[in-house]
Amino acid sequence: MYKRVLLKLSGEVLSGEGKKGIDYRMGEIIVDEIYQALQTNVKLGIVIGAGNLFRGEELSNVGSINADQIGMLGTVINSIYLLSALKKRGIGAVVLSKIIDLPSVEILTYDSIERAFQENKVVIFAGGTSNPLFTTDTAAALRAAEMNADVLIKGTKVDGVYSKDPKKYIDASRFEQLTFEEAINLNLTVMDTAAFALCKSHSIPIIVMDFFTRGNFLKVLKGERIGTLIFNK
């Protein structure tokens with residue numbers, strides 16, 4: 001059973017597939033899954049993207065650096081929303097970030113991470129890596145290393161890693177497991193190369209799973225083989 005887990009979620013989990021904004025019903029699904037998971041006494045960190053609010057291609061007219069900064073602020077919006085949803089359920093949580101000073105956000109330090117875990121709080125990491133030009137996947141890998149995570153779990157809308165988009169290609173095949181080298185060499189787009197490389201260097205396995213099948217997250221935490229495992233050889 002995993003003791004420390006970094007959960008990476010796309011911003012789309014708050015809006016629903018192909019939609020924009022925040023749908024409170026989607027937030028309730030996330031909170032339900034997290035509530036079940038916390039019954040295992042796991043120390044949980046979360047990185048959430050901002051695709052439900054901003055996407056890079058929609059901001060191409062402002063340049064990549066400014067677009068990334070706008071996206072970083074979007075992750076703060078989603079993080080504060082998730083904080084509120086968790087607290088409404090009675091779940092202790094804290095938002096940590098290096099890029100913004102707000103009453104609901106604390107400064108991200110290694111001490112603040114450990115203090116939150118000692119207080120049995122969920123830690124929500126906002127603001128990406130704190131620098132533009134990096135994805136939230138890379139941010140998830142970085143925060144997983146900083147919190148000494150046993151595993152990085154990427155919650156998606158598909159049930160693992162495929163050779164190509166299974167919604168477009170009927171001949172797409174699903175991988176049960178991959179090494180980091182294989183994932184990089186195959187140029188799989190489920191996560192970027194920087195995230196794979198960072199997890200590889202810190203020996204943090206990645207599990208890509210369908211987060212929207214109820215109970216899947218808890219099953220993964222208990223060691224059931226769900227989704228695709230990416231690991232060091």
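The largest pocket of this predicted model holds about 1500 Å³ of space. The volume is the space filled by probe spheres set on the points, which are joined across faces, edges and corners.

**First stop: the largest pocket**

Select Ser 10, Arg 55, Asp 137, Lys 154 and Thr 189, which are the closest to the pocket centre of its 48 lining residues; a lining residue has an atom within 4 Å of a point. Next, colour α2 (64-88), α4 (136-146), β6 (151-156) and β7 (161-162), the elements that each give two or more residues to this lining. Helices (H or I, at least four residues) and strands (E, at least two) are DSSP runs, numbered from the N terminus. Which element gives the most to the lining of the largest pocket? It is α2, with five residues. By class, the lining divides into 17 nonpolar, 19 polar and twelve charged residues. Here Ala, Val, Leu, Ile, Met, Phe, Trp, Tyr, Cys and Pro count as nonpolar, Asp, Glu, Lys and Arg as charged, and the others, Gly among them, as polar.

Residues are numbered from 1 along each chain as its sequence is written. Local features need pLDDT of at least 70 and side-chain atom pairs count only at pLDDT 80 or more, while totals for chains, interfaces and linings use all residues; side-chain values use heavy atoms, with hydrogens and water left out.

**Second stop: the second largest pocket**

Select Tyr 24, Gly 27, Glu 28, Val 31, Tyr 81, Ser 84, Ala 85, Lys 88 and Arg 89, which line the second largest pocket. The elements that give two or more residues to this lining are α1 (24-38) and α2. The space in the second largest pocket is about 200 Å³, and its lining has four nonpolar, two polar and three charged residues.

Return to α4. Nine of its eleven residues are buried, so the helix is largely enclosed by the rest of the structure. Buried means under 20% relative accessible area, exposed over 50%, and partly exposed in between (1.4 Å probe, protein chains only). Among the buried residues of α4 are Asp 137, Arg 143 and Glu 146. To see what covers them, display β1 (4-9), β2 (43-48), α3 (110-118), β5 (122-125), β6 and α6 (193-201), which are included in that cover.

Move to helix α5 (residues 180-185), where Phe 180 lies. Is Phe 180 buried or exposed? Phe 180 is buried, with a relative accessible area of 0%. Beyond its neighbours within four places in sequence, its contacts include Phe 196, Cys 199, Ile 206 and Phe 231; contact means heavy atoms within 4.5 Å.

Select Asn 148, in the loop between α4 and β6, and then Ser 203, in the loop between α6 and β10 (206-210). Most residues other than glycine have a negative phi. Asn 148, however, has a positive phi near 55°, and Ser 203 has a positive phi of about 55°. Asn 148 is exposed, with a relative accessible area of 53%, and Ser 203 is exposed at 54%.

**Last stop: the whole chain**

Of its 233 residues, 50% count as buried. The C-alpha trace spans about 50 × 45 × 35 Å along its principal axes.

Notes. 1 Å grid on protein atoms, 1.4 Å probe; cavity = no way out; pocket = protein on both sides within 12 Å on 5 of 7 lines; lining within 4 Å.
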